[in-house]
Amino acid sequence: MIVLQHISKWHVIGSTRAFVLKDINLTIKTGEFVSIMGPSGSGKSTLLHLLGNLDQPNEGTYHFMGEDVYALKSNQQHQLLRPKVGFVFQSYHLIDELTVYENIEAPLFYKKIAGPERKAIVGDLLDRFGIVGKKSLFPNQLSGGQQQIVGIARALAVSPALILADEPTGNLNSRQSEEIMRLFKQLNEEGVTIAQVTHSENNAAYGNRIVHLLDGQMKEES
Amino acid sequence: MMDNYIKMAWRNLRKERLFGLLNISGLSVGIMVASLIFLWVEDEVNYDNHVDNKSRIMQVQNTQLFEGQTYVSSSSPGPLAPALKADFPEIERSARSSWLSKSLFGLGDRALFEYGRFVDEDFLTMFSLQLVDGFAEQGLSHPNQVMISEAMAMRFFNKTNVAGSTIQVDANTQLTVSAVFKDLPSNVSVEFDWLRPFEAYFNQNPWLAQWGSNAIQTFVQVKQGTDLAALNNKIHGFIPAKSGNTAFTSKLRLYPMERWHLYNAFDKDGNEIEGRVKYVRLFSIVAWIVLVIACINFMNLATARSQKRAKEIGVKKAVGADRGSLIAQFFAESTLQAGLAGLLAVLLSVLALPYFNSVVSKELSLGLDQPSHLLFLMGIILVTGLLAGSYPALYLSSFDPVRVLKGAAVRSAPANFVRRGLVILQFAASITLVVCSILIYMQIKHAKSKDIGYDRYGLLTTVAYPKVAERYRAIKHQLQQQGLVEAVGLSDHSMLSLGANTGDYFWDGKEPNQQILITVADADGDHFETIGLKMLAGRTFKTDLQADSHNVIINKSLATLMGVAEDPIGKTISRSWADFTIIGMVDDFMVSSVYEGNEPALFSPLLSDTAVLTMRIAKHADMATVLPKIEDIFKQFNPEYPFEYRFLDEQFDRMFRLEALAGELSRIFSVMAIFISCLGLFGLAAYTAERRTKEIGIRKVLGASVMGLTNMLTKEFVILVGISCLFAFPLSYTLMENWLQNFSYRIDMAWWVFAVAGLLAVAVAIITVSFQSIRAALANPVHSLRDE
């Protein structure tokens, strides 16, 4: 599904280049559950953002489902990736002015899906995660774990083929973390490809592949 | 789609209540001010629009040369109107009209003074008179006919279908109402509540048949397509040619109705200069400036919290929003706010309109039923909404979501610069206005305090109608006996209405072709003492005024001109038909305005019937008790006429109407400008505080005190205000110097005025900013330093 080749990203400081990512070659097959691990500053989040096209590299190619992403114009890229990718952030990044329902609805809204259909999808998700009773609450009325669940529900709203999760349990306690990771495993078993950035060995164990990054370069381990 | 955006816009508004409120109120004040000004401008520009052939109606002016200065006047001789119509085919209609005058009308026990004119029949068509009762034909064919306005009909008859009724004028003449005409709109140059046939006026004043009688107005209507310049050339020397008297030096020209209201001002050479149109243009510019500043402020405040919005935008982008959706959302938000501001502006305008009308002496109404007005309002709302929304829409929606989600600060040097520039601009405008307000106030006070040569306080004037003139002695006796007045005198005009002048006086040593204008007036012997005008030499007129019929009293300026200031008594001054002996010299006094000085004036004994009675109220008298008693005395001797009076000092104050208006308006604009500037500053302060949140958190951890931090944050704004002063001071100095130049009696601009304005601005700025500064300084560093 995803083929990254010779991906490099750097900052120019003075006359030298400070590499965030250096010559990354990564292939992720459909249905894989990859954990990207590494110390702080190793470029994990950047790599994840690249995968979701929230950020662009200085060098390299990115083939997503066979398409050369960087050869496309920006709104074509948008069309290609947005509907297929769901993001889960460490800080949840919910929209404070919107209710739980509206937060989950947001990606559908931007995908220009009609009202009744949106209602159906959101209803399903609320059901699935058992948060129907909370649908009119605002994020600041929920606990961390509940917010993250809403974040995941939102990511799933577009029925993505790929979920990119950046330290999804970073702000949660162990019980909440377990709940989230089990959810991910379940989704993966249903066929969703997942790439997560994590520090925790525990969390990595839920996946079936680990990729290590050190100083922007990749070292792999199964 | 759109309703979702509106819903989010609402939620956003309620969340940031304070900012939203400030922003909306700022914009609504701006819209209100601009709207009121535009209403005023519209009224001015639409003057006389109710007249059908406005472009072809003209008034005859004449110009006369005196001592190298050209005087422009609209007075014409009696025979002019019919002669013009007869001799010039281009002139299809002409009408004589008396100047607007006051007559006493009576019906039963109702007696009221009404203003009107004596006119020819053509006047009715030329001024597009519309009738609600009666007929125009033959309506002014008989001297005892009168046409009255609806309002006047209501005042006397309580209804308007009164054609054919009788009404009394001057307490002795019966008139027949031949027609009732629709009330004139308030923005007209030629006003009247009644019209009587010119013949009636002519009968009372047969001297109007002479070509030298410059005493009435002449209006003409020219044919379609007439070349005005050519026609003016033809009529230029009409009067000397027609009258056969080359001593008449007035040159004629036609002045179009289109220019009566906004222009109609002339320089020393008789050339047209800008009149009211100066103010129309000035206020239009001010209105646009206020509107633009309000819009820019709106944009400023709307984007002051960009840090918070940035995160939201990053998330939305991550979640699938394309730029189009984000832009649409911002436009929805800003248009919603602009819409609310517009509604609030309408409400504020309704509340402010009565006060505004009183300041500008008009009867303006909002006219929301007029499509042009509605379009304007809608236009403003849309344009402001779009403009204000454009900056956040385009700028904020371009944020790199990654950087933003990481919490990186949204920095933008150009935006910061623009914000600061705006604050400086707004404060500069405010300071300028404050300086102008103070200086205008000081100038008016200065002008009013000038010694006008007599004591104007406690003086009452009333018109002495025929019966009053007859029974003057008895009235005077009564007033004095009851201790109501200290002195009473008669003159032909009130001291503030000395308009009559002539160049027709000669004396030994005067150059024969020198034309010197001398103001002339008639008075009785008690007049000078009553008003408190000092007699420097000689004596006043005797009680038997006839005995002094060949004597005059002159003022010091005239004596100086004549070269006899040391010893004026007994000297001779002559007119073309007689010589007069100077029996007294009074001190100089204000003849036309406080800005003129050394105007020569001459008094003759009052021998005619028309007069003004001036009385000095007894010192320390209680007006509330004295005035009714005075009224009783007049009612006793002059029962048919209602007792009307004026206080001379109030009349004097009214001479400063225009300056007072300028002062009032500049005060109002100062307050508005300061308000808007504070809003702009508030926005900038909020933005800065947010931007420096992390820095402040760190400083606190390192040991900075709240006081120290507040000072640090406030200081940079004080510097901005300081820069504003650098712009404002020279600007206001130049503006005011320009204005003050028009006055020969003027103040010097004191430096402390500028200092006060600057300090005021600084104080206001500190208060505005301190809220944000203190809040930022008090913030818990734990919160500021945690990267969300």
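This is a predicted model: local features need pLDDT of at least 70, side-chain atom pairs count only at pLDDT 80 or more; totals for chains, interfaces and linings use all residues.
In chain B, the axes of helix H21 (residues 657-691) and helix H24 (residues 751-778) come within 9 Å and cross at roughly 25°. Because angles under 35 degrees count as roughly parallel, H21(B) is roughly parallel to H24(B).

**The H21(B)–H24(B) pair**
- The crossing of H21(B) and H24(B) is right-handed.
- From H21(B), the contact is made by B:Ile674, B:Cys678, B:Leu681, B:Phe682, B:Ala685, B:Ala686 and B:Ala689, while H24(B) brings B:Val764, B:Ala765, B:Thr768, B:Val769, B:Gln772, B:Ser773 and B:Ala776.
- By class, the residues of this contact divide into 11 nonpolar and 3 polar, with no charged residue.

**The contact between chains A and B**
- The contact takes 17 residues from chain A and 18 residues from chain B.
- On the side of chain A that touches chain B, helix H2 (74-81) and helix H3 (100-110) of chain A each supply at least two residues, and H3(A) gives the most, with 4 residues.
- That side of chain A has 7 nonpolar, 5 polar and 5 charged residues.

**Confidence in chain A**
- Chain A averages a pLDDT of 85, and 99% of the residues score at least 70.
- Within chain A, confidence is lowest in strand E10 (residues 217-221), at a mean of 73, whereas strand E8 (residues 193-197) is where confidence is highest, at 91.

Key: Residues are numbered from 1 along each chain as its sequence is written. Chains are lettered from A and ligands numbered from 1 in the order in which they are written. Axes are lines fitted to C-alpha atoms, for helices over the stretch in contact, and angles run from 0 to 180 degrees between N-to-C directions. Angles under 35 degrees count as roughly parallel, over 145 as roughly antiparallel, 65 to 115 as roughly perpendicular and the rest as oblique. A crossing is left-handed if the near helix is turned anticlockwise from the far one by less than a right angle, and right-handed if clockwise. Two residues are in contact if their C-beta atoms, placed from the backbone, lie within 7 Å. Ala, Val, Leu, Ile, Met, Phe, Trp, Tyr, Cys and Pro count as nonpolar, Asp, Glu, Lys and Arg as charged, and the others, Gly among them, as polar. pLDDT is the predictor's confidence in each residue, from 0 to 100.
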